[in-house]
Amino acid sequence: MNEMSRVLAPPAVSYKARFTTAEFQHMCKVGAFGDMKVELIDGEIERLNLPKNDHARLQSQIMFELLRVMGREALDRVRGEVGIDLGNDTVLGGDATLFRHAVADPDWLRPEHILLVVEVSVTTLGRDLEMKLPRYAAAGIPHYWVIDAKRSLVHAHSDPVERDYKKVLTVRFGEPLAVPGTDATIILS
């Protein structure tokens with residue numbers, strides 16, 4: 001075969017659609033995803049599985065405990081399953097959040113609203129620690145808890161620096177866990 005007969009392929013082109021946070025939020029607002037649970041990560045939409053029973057039980061427990069601790073402020077400062085806008089091309093969904101102070105009902109939470117994000121990990125531990133943790137830390141969210149359901153542990157991260165947290169405290173279920181911004185502790189089981 002000579003040089004003239006060789007077929008040259010054009011450079012590879014990506015046909016993936018990338019979205020901004022504003023485009024993603026608009027798609028959510030108009031119902032583009034129906035009942036699907038989705039997140040926007042670095043401009044790409046990821047579909048998530050619906051939570052199963054173990055996840056739902058732990059999520060209910062953490063919500064109950066945060067609501068109990070916060071008392072009268074709870075309805076203004078505690079949320080579950082809420083979208084967190086981390087910037088130009090990333091919107092993550094936290095299983096539970098505790099606000100720094102009462103927030104006047106924005107559609108999407110921003111890092112400056114949040115004191116604590118909680119993720120319940122039954123099958124998503126790697127995703128919650130490897131993908132979500134650096135993004136929450138980079139956004140400056142002060143506290144990030146990952147509830148490790150399979151090992152009955154809570155990994156309580158605090159003091160964000162760049163894409164990581166300086167402090168990590170691992171607490172077993174049945175032991176007291178200090179709730180940020182309060183003098184209270186909770187116990188998960």
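**Reading the terms in this model**

Tutor: We can start with Asp42, which sits in the loop joining strand S1 (37–41) to S2; strands are DSSP runs of E with at least two residues, helices are runs of H or I with at least four, and both are numbered from the N terminus. This is a predicted model, in which local features need pLDDT of at least 70, side-chain atom pairs count only at pLDDT 80 or more, and totals for chains, interfaces and linings use all residues. Residues are numbered from 1 along each chain as its sequence is written, and side-chain values use heavy atoms, with hydrogens and water left out.

Student: Why is Asp42 called partly exposed?

Tutor: The relative accessible area of Asp42 is 32%, and with a 1.4 Å probe and protein chains only, under 20% is buried, over 50% is exposed, and anything in between is partly exposed. Asp42 therefore belongs to the partly exposed class. Its phi is also positive, about 50 degrees, although Asp42 is not a glycine.

Student: What makes Glu81 a residue to look at, given that it is not a glycine?

Tutor: Glu81 has a positive phi of about 45 degrees, and this residue belongs to strand S3 (residues 78–85). Because its relative accessibility is 41%, Glu81 counts as partly exposed.

Student: How do you know that Glu44 forms a salt bridge with Arg18?

Tutor: The closest N and O atoms of Glu44 and Arg18 are 3.3 Å apart, and a salt bridge requires a side-chain nitrogen of Lys or Arg within 4 Å of a carboxyl oxygen of Asp or Glu, so the pair qualifies. The two residues are 26 apart and link distant parts of the chain, with Glu44 in strand S2 (residues 44–48) and Arg18 in the segment before helix H1 (21–29). Glu44 has a relative accessible area of 29%, so this residue is partly exposed.

Student: What makes Glu46 and Arg127 a pair that links distant parts of the chain?

Tutor: Glu46 is in strand S2, whereas Arg127 is in helix H4 (residues 125–138), and 81 residues separate them. The closest N and O atoms in this salt bridge are 3.0 Å apart.

Student: Why are Arg68 and Glu65 separated by about one helical turn?

Tutor: Both belong to helix H2 (residues 53–70) and they are three residues apart, which means about one turn of the helix lies between them. Arg68, at 45% relative accessibility, is partly exposed, while Glu65, at 10%, is buried.

Student: Why is His157 called buried?

Tutor: Its relative accessibility is 6%, so His157 falls in the buried class. His157 is part of strand S7, and, leaving aside residues up to four places away in sequence, it touches several residues, including Leu129, Tyr144, Trp145 and Val168; a contact means heavy atoms within 4.5 Å.

Student: What makes Trp108 partly exposed?

Tutor: The relative accessible area of Trp108 is 22%, so this residue counts as partly exposed. Trp108 lies in the loop between S4 and S5, and among the residues that it touches, beyond four places in sequence, are Phe24, Cys28 and His113.

Student: Which residues have the most contacts inside the largest nonpolar core?

Tutor: They are Ile62, Trp145, Ile147 and Ile186, in a core of 25 residues. The set is called a nonpolar core because its members are buried Ala, Val, Leu, Ile, Met, Phe, Trp, Tyr or Cys residues joined through side-chain atoms within 4.5 Å. Helix H2 gives the most to this core, with six residues. A second, separate core of 18 residues includes Ile41, Ile84, Tyr136 and Tyr144.

Student: How many helices and strands does the chain have?

Tutor: There are four helices and ten strands, and 43% of the 189 residues of the chain count as buried.
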